[in-house]
Structures are given as C-alpha cells and as structure tokens.
Amino acid sequence: MESTVAQKLEAIHNLQLIDSRLDSIIKVRGALPEEVQDLEDEIAGYETRLEKFNNEIQSFEDEIKALKDSIKESEKLIKKYQEQQMNVRNNREYDAITKELELQDLEIQVAKKKIGEAGVRIDTKKHDLDELTEVMKDRQKDLDLKKDELSTIISESENEEAKLNADREKAVKKVEERLLKSYTKIRANAKNGLAVVMVKRGACGGCFNTVPPQRQADIREKKKLIVCEHCGRILAGVEDEIVEEPAPKRKRTARS
Ligand SMILES: [Zn+2]
C-alpha cells in the first residue's frame, strides 16, 4: 500500500529526530576521537623512527666489529712479516717486507679512525633515540588521558546510543528508498545535519529564510513533499508558535 505524503513526512521527520539526537551524542565527544586517532598515528610514526635508529646503531656496531676483525687480521700479518724479516736473504726482500708492514700499519690506522667515527655516530643516534623516546612517552601519556576521557564519555552515552541506533534501524525501514537517498544527501551537505525541518515562526528551521504564507499553507496540507526554496531541506510541517522542539544538549557540562 502506498503511504500518504503525511505518513512519508512523519517517517522521515522521525528519522531526522533520531539522527539529530545521535549527532548531539557524537558532538559531545568533540574532537576527542580525532585527537586520539592523530596521537595514535603520531606514536606509530615514532615507533617506526625508533626502529630505524636502532637498525642504524646496529649497522654501525656491525661495522665496528668488522673493523676490529680486520685490525686483528693486520696484526697477525704484521707478526708474520716481522718473523719473515728476521730471515731475509737480501735487502730487496727486507725492503719488500718493510713496505708490507707499513701498509698493514696504515690499514690499522684507517680502521681505528673509522671505528672512532662510527662510535661518534652511534652516540649521536643514541642521543636522538633517547630524545625521541622521551617525546614518545609524553605523547603516550596524552593518548592515555584522552582515551580515558573518551571512553568515559562513550560509556555515559552508550546505552542511549544503542537504543537510538536500534530505533534508527526501525525508522529507516519506514522511509521510502528514494526519499531516504535525498535525505542522506541533504544531511551530508548540511552543516547542522538537518535535512528535515519544521517551519518555525514563518521561517525554514534549517536556513531561517522566510517561507511565504501560501507555501506554509501547502506544507500544512501535506498533499505533497515541499522543500525549502533556499536550502532544499524537506519541510515536514509548520510548528505552532508555542511548541518548541527539545533542544539537544550540546556541551560537555554534565560531567565533573
Ligand atoms: Zn531553508
């Protein structure tokens, strides 16, 4: 059975009231969910950098180890050459070995210099690593606080939110698909999340532009769906002066 315009309007207005309440619950959480997400991303970035620092330190330590091995190798060769030098048969052989000895000595010096440099790099990296670890600890503290705050806020509203979501599921079923589509679209584009509004004091409840009296009369009749000429919101009815829509709670004042 095809529903009347009045029924359609009632269904979509009901959905709007549920969504507005859900919006205000989300709004109480403010920027917290985003802040928590940002901090989590930031900390993940630090962890990646810390891992990189540790890898770099490790590779410098590997380098030092290789250099120390090559020094030992050179020292062995030097010992060997020194023994050979005792048993040379002529000056030419003696000079050749002397050259080898000088070469190994030079190798040792170069290796020692490189070890020193790698050591300095390790110290610098370790310093960076300590600094970053401190920053990360601070951020982690911030994150823990914000997470606590958020979970408190969520737990305060979670029952209501669950009920509203259940209500919403039922309410959505009563709205025709095409109407639901336009509703979703209008809502997404509206800053205040309002797609269905009442005419209040002669003005659109969404954009506050005046609705002409004849149009108001048409809206009251509910013979067809009428949208605001200015903002395109669905006008669900005309509110009588005295009736006030319950204003959704906006601020996080209830908590202490
Ligand atoms: Zn409007």
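## Helices H1 and H4

Helix H1 covers residues 5-28, and helix H4 covers residues 177-189. Their axes come within 11 Å and cross at roughly 35°. Axes here are lines fitted to C-alpha atoms, for helices over the stretch in contact, and angles run from 0 to 180 degrees between N-to-C directions. The crossing of H1 and H4 is right-handed. A crossing counts as right-handed if the near helix is turned clockwise from the far one by less than a right angle, and as left-handed if anticlockwise. On the H1 side, the contact is made by Lys8, Ile12, Leu15, Gln16, Asp19 and Asp23. On the H4 side, Leu179, Leu180, Tyr183 and Arg187 take part. Contact means heavy atoms within 4.5 Å.

This is a predicted model: local features need pLDDT of at least 70, side-chain atom pairs count only at pLDDT 80 or more, and totals for chains, interfaces and linings use all residues. Residues are numbered from 1 along each chain as its sequence is written, and side-chain values use heavy atoms, with hydrogens and water left out. Helices (H or I, at least four residues) and strands (E, at least two) are DSSP runs, numbered from the N terminus.

Arg21 sits in helix H1. Arg21 is partly exposed, at 24% relative accessibility. Buried means under 20% relative accessible area, exposed over 50%, and partly exposed in between (1.4 Å probe, protein chains only). Arg21 and Asp69 are 48 residues apart along the chain, and their C-alpha atoms are separated by 72 Å.

Ile108 belongs to helix H3, which spans residues 91-173. Ile108 is buried, with a relative accessible area of 8%. What does Ile108 touch, leaving aside its neighbours within four places in sequence? Ile108 is in contact with Ile71, Ser74, Glu75 and Ile78. Leu143 is 35 residues from Ile108 along the chain. The C-alpha atoms of Ile108 and Leu143 are separated by 51 Å.

## The sheet

3 strands form an open sheet with mixed pairing, in the order S2-S1-S3. S2 and S3 are the edge strands, and each pairs on one side only. Two strands pair if DSSP finds at least two bridges between them. Helix H5 packs on the sheet and touches S1 and S3. The direction of H5 makes about 85° with that of S3.

Strand S1 holds residues 196-200. 4 of its 5 residues are buried, so S1 is largely enclosed by the rest of the structure. S1 and S2 pair in the antiparallel sense over 2 bridges. In this pairing, Val199 stands opposite Cys204 in S2. S1 and S3 run parallel, joined by 4 bridges. Met198 has Gly237 in S3 as its bridge partner.

## Two positive phi values

S1 and S2 form a hairpin with 2 residues between them. Arg201 lies in the loop between these strands. Phi of Arg201 is near 45°, a positive value in a residue other than glycine. Is Arg201 buried or exposed? At 60% relative accessibility, Arg201 counts as exposed.

Lys222 lies in the loop between H5 and S3. Phi of Lys222 is near 55°, again a positive value in a residue other than glycine. Lys222 is partly exposed, with a relative accessible area of 32%.

## The zinc site

Which residues coordinate the zinc ion? They are Cys204, Cys207, Cys228 and Cys231, each through its SG atom, at 2.2 to 2.3 Å. Donors are N, O and S atoms within 2.8 Å of the metal (3.2 Å for Na, K and Ca); water is not among the atoms, so sites may look incomplete. The site is tetrahedral, with angles of 107 to 116° among its 4 donor atoms. Four donors count as tetrahedral if all angles lie between 85 and 135 degrees. Ideal angles for four tetrahedral donors are 109.5 degrees.

In sequence, the donor residues are spaced C-x2-C-x20-C-x2-C. The pair Cys207 and Cys231 links distant parts of the chain, 24 residues apart. Cys207 is in the loop between strand S2 (203-204) and helix H5 (213-221). Cys231 is in the loop between H5 and strand S3 (234-238). Cys207 is partly exposed, with a relative accessible area of 24%. Cys231 is partly exposed too, at 27%.

Key. Four donors count as tetrahedral if all angles lie between 85 and 135 degrees; four count as square planar and six as octahedral if opposite donors are over 155 degrees apart and all others between 65 and 115; anything else is irregular.
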